[in-house]
Amino acid sequence: MPQSLVVHPVDHCVVECLMSLKGNVVVLETTRGRLDGCLIDVKPDHVVLEERHKKFIVRICEIVWIMPD
């Protein structure tokens, strides 16, 4: 039986928006809940958010909305 492969295309507009917010405090609403903290890194498929000295890696495809704080 062939295995299926899930592909999440890169949304360049969202990546560009996130890149412009790098180094700033943001609020991310994800499919698992809300995170707020400093956006410290942006890659094509994920972001790194630092909240209370803890780093969170969030897949961009799981982000529902973004708001600068």
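Guide: Happy to. One definition before we start: two strands pair if DSSP finds at least two bridges between them. Also keep in mind that this is a predicted model.

Visitor: In what order do the five strands of the open sheet lie?
Guide: The five strands form an open sheet with antiparallel pairing. At its edges are strand S4 (54-59) and strand S5 (63-68), each of which pairs on one side only. Reading across, the order is S4-S3-S2-S1-S5.

Visitor: What is the bridge partner of Val-26 in S2?
Guide: Start with the two strands: S1 covers residues 25-30 and S2 covers residues 33-42. They pair in the antiparallel sense over six bridges. Follow Val-26 across into S2 and you land on Gly-37.

Visitor: Is Lys-22 buried, partly exposed or exposed?
Guide: Lys-22 sits in the loop between H1 and S1. Buried means under 20% relative accessible area and exposed means over 50%. Lys-22 has 42%, which falls in between, so it counts as partly exposed.

Visitor: How far apart in space are Lys-22 and Leu-49, C-alpha to C-alpha?
Guide: Leaving out residues up to four places away in sequence, Lys-22 touches Leu-39, Ile-40 and Asp-41. As for Leu-49, 27 residues separate it from Lys-22 in sequence. In space, C-alpha to C-alpha, the distance is 9.6 Å.

Visitor: What is the bridge partner of Glu-50 in S4?
Guide: S3 and S4 run antiparallel and are joined by six bridges. They form a hairpin with two residues between them. Across from Glu-50, the partner in S4 is Lys-55.

Visitor: Is Glu-51 buried or exposed?
Guide: Glu-51 belongs to strand S3. Not counting residues up to four places away in sequence, it touches Leu-35, Asp-36 and Phe-56. Its relative accessible area is 11%, and the cut-off is under 20%, so Glu-51 is buried.

Visitor: What is the phi of Arg-52 near?
Guide: Arg-52 is in the loop between S3 and S4, and at 68% relative accessibility it counts as exposed. Most residues other than glycine have a negative phi. Arg-52 has a positive one, near 50°.

Visitor: And what about His-53: what is its phi near?
Guide: His-53 is also found in the loop between S3 and S4. At 78% relative accessibility, His-53 counts as exposed. Its phi is positive too, in a residue other than glycine, with a value near 65°.

Visitor: What is the area of the nonpolar surface patch made by Val-64, Trp-65 and Met-67?
Guide: Take Val-64, which has its place in strand S5. Its relative accessible area is 53%, and the cut-off is over 50%, so Val-64 is exposed. Together with Trp-65 and Met-67, Val-64 makes a nonpolar surface patch of about 270 Å².

Methods
Residues numbered from 1 in each chain as written. Predicted model: local features only at pLDDT ≥ 70, side-chain atom pairs only at ≥ 80, totals over all residues. Heavy atoms only, no water. Helix = DSSP H or I, 4+ residues; strand = E, 2+ residues; numbered from the N terminus. Buried < 20%, exposed > 50% of the residue type's maximum accessible area, 1.4 Å probe, protein only. Contact = heavy atoms within 4.5 Å. Patch = residues over 30% accessible without salt bridge, like charges linked within 9 Å, V, L, I, M, F, W, Y side chains within 5 Å. Areas by Shrake-Rupley, 256 points an atom, 1.4 Å probe, with all protein chains shown as cover. Salt bridge = Lys/Arg side-chain N within 4 Å of Asp/Glu carboxyl O.
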